[in-house]
Amino acid sequence: MLHTLHPITSAALFSVLLACGSAASLDAPIDAHSTVESTVADLDAIHAPWTAVLAEHVRGDTFDYAALKKNRSRLDAYIAALEAVTPEALGKASKQARFVFWANAYNAYTVRRVIDGYPVASIRDLGDDKVSVWDREFVPLGQLFPKLEKAKLTLNDIENKILRPEFQDARVHAAINCASKGCPPLRAEAFTEAKLEEQLDAQVRVWLGDASRNRFDRAKNRIEVSKVFEWFAEDFTKSAVSVPAWIARFRPDDKVWLTATPGPTVAYVDYDWSLNDVKR
């Protein structure tokens, strides 16, 4: 747990406190100074504006980008708070808190990139033939991961050079969202250190329970699962003998046949890259 987060600027803190106002109810008056003290004392606190954004704009497995584009103040306040954190501050945080920071940052910057270019049919349209949207350096958090020796990070940097290798938890693939219908759905709250294990397990179960992304046919001994399981197979098989065995951890009713020898036939569902926008 991080005990001091003094490097956040007063302006960023003020934005965070304003943004948190609509997301929390207080039963009694609180001294302004003590409010700031409690905010800087807990790294989880800076994610409150992101929870407010998600709670208002996540609609099932879609997101209301148009509404957020019209009123983006809380998103901008949250991103300002992320950018005010220093390497020293983040370095003092627990491993779980650092995972939370980077997972929330990935999702928030992805959403901001979409609304900056909205309307758009697919997030892939925000890149071009030379540089994809995931390889564009537009996330100014490089100082928080000096190992990469760059001022601005890409979304691929956060996913493939920070989250996956540093934390080695395949549940990350259910936590981060690429603004596409094929992705695991965006959670309607920010990840927090206090609830991280519960949130990650819940995200995996929701993802696996969606028949548009993953299908299980016990009678035919066949599963059709997201392309994510093919693209990142090494992540899932680090802690399980196979992809079906990893999935079985989150589908206890199917554990016996998913882990049997020989295991089920595995096929992969075509990935839908269209924007996960609400229907108009």
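**View 1. Asn221 sits in the loop between strand 3 (215–217) and strand 4 (222–226).** This is a predicted model, in which local features need pLDDT of at least 70, side-chain atom pairs count only at pLDDT 80 or more, and totals for chains, interfaces and linings use all residues. Residues are numbered from 1 along each chain as its sequence is written, and side-chain values use heavy atoms, with hydrogens and water left out. Asn221 is not a glycine, yet its phi is positive, at about 50°. With a relative accessible area of 28%, Asn221 is partly exposed. Buried means under 20% relative accessible area, exposed over 50%, and partly exposed in between (1.4 Å probe, protein chains only). Helices (H or I, at least four residues) and strands (E, at least two) are DSSP runs, numbered from the N terminus.

**View 2. Gln168 also has a positive phi, about 45°, although it is not a glycine.** Gln168 lies in the loop between helix 8 and helix 9 (172–175). Its relative accessibility is 56%, so Gln168 counts as exposed.

**View 3. Cys178 and Cys183 form a disulfide.** Their sulfur atoms are 1.8 Å apart; the cut-off for a disulfide is a pair of cysteine sulfur atoms within 2.5 Å. The count by this rule is 1 disulfide. The torsion about the S-S bond is about -60°, so the disulfide is left-handed. Cys178 and Cys183 are both buried.

**View 4. Helix 3 (residues 48–57) packs against helix 5 (residues 73–84), with axes that come within 8 Å.** The axes cross at roughly 150°. Axes are lines fitted to C-alpha atoms, for helices over the stretch in contact, and angles run from 0 to 180 degrees between N-to-C directions. Helix 3 and helix 5 are therefore roughly antiparallel, a term for angles over 145 degrees. Helix 3 contributes Pro49, Trp50, Ala52, Val53 and Glu56 to the contact (heavy atoms within 4.5 Å). Helix 5 contributes Arg74, Leu75 and Tyr78. These residues divide into 6 nonpolar, no polar and 2 charged. Ala, Val, Leu, Ile, Met, Phe, Trp, Tyr, Cys and Pro count as nonpolar, Asp, Glu, Lys and Arg as charged, and the others, Gly among them, as polar.

**View 5. A cis peptide bond joins Tyr118 and Pro119.** Omega is about 5° here. Pro119 lies in the loop between helix 7 (95–117) and helix 8 (155–167).

**View 6. Thr261 and Pro262 are joined by a cis peptide bond.** Its omega is about -5°. Pro262 lies in the loop between helix 14 (255–258) and strand 5 (265–269).

Note on methods:
Parallel < 35°, antiparallel > 145°, perpendicular 65-115°, else oblique.
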